[in-house]
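Please open the model in your viewer and keep the sequence panel beside it. The tour below moves from one selection to the next.

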Amino acid sequence: MWKTTLIIYIFSASYITAILCNKYVLSVLQFTLPTLFQGWQTFTAATTIFAAHYSGHLHISRLTPGGVIEWMPASLSFIGIIYAGSRALSHIPIPMFLLIRNSVESFIEIFRWIVRRTLPSTQKLLGSFLTVLSAVALWYVDPQYDKDGYFWLVSHMVFLAGYKLYAELKSTELSSMEKLWCNSIVSVILLAPGSFLLGHVQDAWEFPLLTHSHFHIAFLASGPLAASVGITGILVQEGTKFPDHISCTVKTLTVLMSLMVFHVTLTTAAFLCILMGIAGEVLQKIDLKDFSATLDLKYEERTSLSSHSIEISAET
């Protein structure tokens, strides 16, 4: 039990810190060379997973050449996700970035409902509607609207949707951890030569803050943080009872903390759209009936335990 709790705390702290750290490097320090930045993060993730597997903490055995080739379209989409996401985050405030990209999940949910011919609950339907509505509204009312940033955000969302749909429709024997390892290895292999072809290596040598310690710390820290988010995110998804509750809470905390850490210009309309986006995700991800039932069950267990303890005390 304590291990699961520890993993949840590590994931939460890593996710929030990783997003804030990435935003600091990309926007404040203005290091916008994604082949190097994302290359370092995927390299750290690949080596961390390999080290954990070699030491016996993670089990990876089905990453065969055939499995890698079968998963290759998703790995290529993954590269598009991290490259376009890095470009978008360098221009767009964190609340807008996270809440608008949430609409991808809503469209995926709608796709599932159509394919499976199932009727969603009123709560989930309302949540999806609010999520999409807030994403569209934020696009129009964002006072810091940046054309290039939103272009990359749309590209990021297209790659993300493609990745999720491929994973949904393509059956594979690879585990989630093996998929992450495959994505990381393919990313390193392709981003390394890409950094030379796109001239990012030369641009890095001319980066004005290259010798500054705060750049070194933030850049290097982004690697272990990204690896931690990827690995613990899978452990939370597969080893906890309410992973959607956890991810929703962490995203909400990230949005709120980013407003305190970074300067974000907000109008009343933009602020209301942010609240609507948060409400939409809560309704979409958290089943309030199940959550309430769980709380009632825990209360009954505590009451029963307390009554049992009183009976034992009375007997003695």
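Helices (H or I, at least four residues) are DSSP runs, numbered from the N terminus. The model is a predicted one, in which local features need pLDDT of at least 70 and side-chain atom pairs count only at pLDDT 80 or more, whereas totals for chains, interfaces and linings use all residues. Residues are numbered from 1 along each chain as its sequence is written, and side-chain values use heavy atoms, with hydrogens and water left out.

Begin with helix α6, residues 147-169, whose 23 residues reach 33 Å from the first C-alpha to the last, close to the 33 Å expected at 1.5 Å a residue; that expected span is 1.5 Å times one less than the number of residues. Among the buried residues of α6 are Y150, L153 and M157, where buried means under 20% relative accessible area (1.4 Å probe, protein chains only). The buried residues of this helix pack against α3 (65-89), α4 (94-116), α5 (122-141) and α7.

Next select I100, which, leaving aside neighbours within four places in sequence, is in contact (heavy atoms within 4.5 Å) with A135, L138, W139, Y150, L153 and M157.

Of its 58 residues, F31, M96, I100 and L153 touch the most other members, and helix α1 (residues 2-28) supplies the largest share, nine residues. Apart from this core lies another, of ten residues, including A46, A52, I60 and M177.

Finish at I189, which is found in helix α7 and is exposed (over 50%), with a relative accessible area of 53%.

How values were computed
Helices (H or I, at least four residues) and strands (E, at least two) are DSSP runs, numbered from the N terminus. A nonpolar core is a set of buried Ala, Val, Leu, Ile, Met, Phe, Trp, Tyr and Cys residues joined through side-chain atoms within 4.5 Å.
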